[in-house]
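User: Hi! Could you walk me through the ring contacts in this one?
Analyst: Happy to, let's take a look together.

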Amino acid sequence: MTISQGERGECAAAAKAPFPSFVLITPARNEGQFMETIIGCMVRQTVRPLKWVIVSDGSTDATDEIAQRYAALHDWIEFLRMPERAERHFAGKVLAFNAGLERVKDLPYEVIGNLDADISFEDDYFSFILPKFTENPSLGMAGTPFTEGDAHYDYRFTSIEHVSGQCQLFRRECFESIGGYRPRKVGGIDLVAVLTAQMQGWQTRTFPGKSFVHHRKMGTGMHGSLSTHLKWGEVDYVLGMHPLWEFCRCLYQMTKKPYVVAGTLRLSGYCWAFLSGKEKDLSPELERFRRKSQMARLRKFCCDLVSYPFAAGERRRG
């Protein structure tokens, strides 16, 4: 790919900025109702990427028209369209992302990010996250919490070391060392990226100082709301979730709306996948790493839970 004169100017400007240079890729399939919102957020950012590639994954709504219109107005936004495909699955997102990756591979970026089209955030979102990579050379992956309707990021079952897939930023060396995103029809693409980075010794971190809003409930893009919970249970099994962790997580899920139903369906999906001999989509090494981490977190959670009443009593006596 030949870098234009304008892109060279942007690269030089980025090199002088107090932020690592970065590029973003947004795979989008029929995101017309959110596209204007995410583009508005990006245009208002206090620090902008060298390039933001919006890849339409065979969209049939207004996604292409909106993205093309803004790409014509801003030279740092590029639009790319993938061929239409009849089947919708998570592997398609990776294929679209990789097509965007080809368009930025010759740019001198230090950080690369996946940015979903159905989110929004404040004007200083990236100026908040990017310095974290400069401050910590071991940081391979970063992001922030998110809100989804009335739901907020819950650290009891998703640790501060996990980075949500709707907006994941990678140090370039980290992204390349884990082999980027790997196509998986069942999903969990972002999770596997986090686990692989951790297993290789990179630090991964969610920074609570900022958050983004996720406008579409997770999992509803391809499944109905109730069937989503059943599917998630199946995915949990396929992606190596420890049985005890899954049981505790489903018990907790039963306390959320729709009460009892969501947790029961998720646990049923997990048990069905186990009993039917569903093939795992995680290497044995990565599964062991994930389960060991989950058990360590569960032990810490239980110890904190047991010790809390004693600590509270001590404070009252004091």
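**Rings and charges**

Analyst: The charged end of K280 sits over the ring of Y237, 4.8 Å from its centre. "Over a ring" is used if NZ of Lys or CZ of Arg is within 6 Å of the ring centre and within 35 degrees of the ring normal. This is a predicted model, where local features need pLDDT of at least 70, side-chain atom pairs count only at pLDDT 80 or more, and totals for chains, interfaces and linings use all residues. Residues are numbered from 1 along each chain as its sequence is written, and side-chain values use heavy atoms, leaving out hydrogens and water.

User: What lies over the face of Y109?
Analyst: That's R172, at 3.8 Å from the ring centre.

User: New topic: how many aromatic pairs are there?
Analyst: There are 14. Rings of Phe, Tyr and Trp (its six-membered ring) pair if their centres lie within 6.5 Å; planes under 30 degrees apart count as stacked, over 60 as edge-to-face and the rest as tilted. One of the pairs is F97 with Y181, which is edge-to-face, with 5.0 Å centre to centre and 85° between the planes.

User: Are F97 and Y181 buried or exposed?
Analyst: Both are buried (under 20% relative accessible area, with exposed over 50% and partly exposed in between, using a 1.4 Å probe and protein chains only).

User: And what about Y125 and F212?
Analyst: Their ring centres are 6.5 Å apart and the planes are at 80°, so this pair is edge-to-face. Y125 and F212 are both buried.

User: Which cluster includes them?
Analyst: Ring pairs link Y125 and F212 with F22, F121, F126 and F146.
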